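This report looks at a few local features of the structure shown here, beginning with the pairing of strands and moving on to points of backbone geometry.

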Amino acid sequence: MADRRLQVFHAVAKHLSFTKAAETLFMTQPAVTFQIKQLEEHLSTRLFDRAQGRISLTPAGKEMSGHAAGPLLIGASMTVGEYVLPQLIGTFKGRFPAVMPTLFVGNSEAVQDRVAERSLDLGFIEGDSHLSSLASEVCCEDELQVVCAPSHPLAREPFALPSALTQHAYVSREAGSGTRAVIDRYLQQAGVAPESLNAVVELGSPEAIKGLVATGMGFAIMSRVIAAKELELGQLVQIPLRPRLLREFSVVYAKERFHSKLVAAFLHFAKEQLSAGGAVPAQESADDDEGARDQREHHEAEARAAEKRHRRLGQ
């Protein structure tokens, strides 16, 4: 599992014995020792004192094992904060009951500003940081797709071309949104000016966007994870873009700031969980067979041909 090192740590901390921890986890003792050594190297601190054949927790180890009490100030952009982080925070809180997490959710720009002001310990945003005072590390990948009501004309299409989107009403995210910045950059790279889209409204809430799009007013572009419930209920339809629109989620923190072991532990935990699970589901195994590859190649050829036709019509 992705947090194997933390699982091994908690077993050793509980039994204060590498041998008993190994028996509990059905591992060899050298494997347990190796996992603890890796974790200590990753956190740049010693978690156990070893003397006269006995081990004990260091102050950092006690903090890691849940003896610490104090605030954990986390910021996150809309997508990460509302649809990805809550489960991670709940799991982390279960392991460290004395920790008091606080989650601020805003757009990526607001999160970065608060981290830079030191009012947040760290923040999870969409894309890269635009502030030189912040360090940024990529956590996972996410895919954005067209979302519309089942009755919308785009719902009948197998995929959506960037050039074809200008023909429909568009429900957009607000200025300062990391999602909007990613979409604008994608459109520019596809040769479509973002301002050429027929934006009928700008909203700062993914939930509000889904509600408006479900009425049939227009389409939106959003993460696959956001519309999962509405897709299952048949209230919305998602259409993949061609080419695909992929983005990265990043964690940001102040470059010069010293992190407590609590913040370092949460950062380590979140990065491992997100990098393992990501926000984009793995491709189904059927994608690996010859028929699926042929179908994808056929769709890609159609997309290239349609793109050329749109460009000729625009000239």
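## Strand β3 and its partners

In this predicted model, strand β3 pairs with strand β4, which spans residues 99-105, in the parallel sense, and the pairing runs over seven bridges. Within this pairing, the residue of β4 that stands opposite Leu73 is Thr102. Strand β3 also pairs with strand β5, made up of residues 122-126, again in the parallel sense and over three bridges; here Gly75 has Gly123 of β5 as its bridge partner.

How many of the seven residues of strand β3 are buried? Of the residues that make up this strand, numbered 70-76, five are buried, and β3 is therefore largely enclosed by the rest of the structure. As background to reading such a strand, side chains in a regular strand alternate between the two faces of the sheet.

## Two non-glycine residues with positive phi

Phe26 is not a glycine, yet its phi is positive, at about 55 degrees. This residue sits in the loop that connects helix α2, residues 18-25, with helix α3, residues 29-43. Is Phe26 buried or exposed? With a relative accessible area of 79%, Phe26 is exposed, because the cut-off for that class is a value over 50%.

Arg118 likewise has a positive phi, of about 70 degrees, although it is not a glycine. Its place is in the loop between α7, residues 108-116, and strand β5, the strand that pairs with β3. The relative accessibility of Arg118 is 37%, so this residue counts as partly exposed.

Where the chain passes from Arg242 to Pro243, the peptide bond is cis, with omega near 0 degrees. Pro243 belongs to the loop between strand β10, residues 237-239, and strand β11, residues 245-254.

Which residues is Gln238 in contact with, once its neighbours within four places in sequence are left aside? The contacts include Gln145, Val146 and Val147, and they also include Met222, Ser223 and Arg224. Ala227 and Leu231 are in contact with Gln238 as well.

Methods:
Residues are numbered from 1 along each chain as its sequence is written. This is a predicted model: local features need pLDDT of at least 70, side-chain atom pairs count only at pLDDT 80 or more; totals for chains, interfaces and linings use all residues. Side-chain values use heavy atoms; hydrogens and water are left out. Buried means under 20% relative accessible area, exposed over 50%, partly exposed in between (1.4 Å probe, protein chains only). Helices (H or I, at least four residues) and strands (E, at least two) are DSSP runs, numbered from the N terminus. Two strands pair if DSSP finds at least two bridges between them. Contact means heavy atoms within 4.5 Å.
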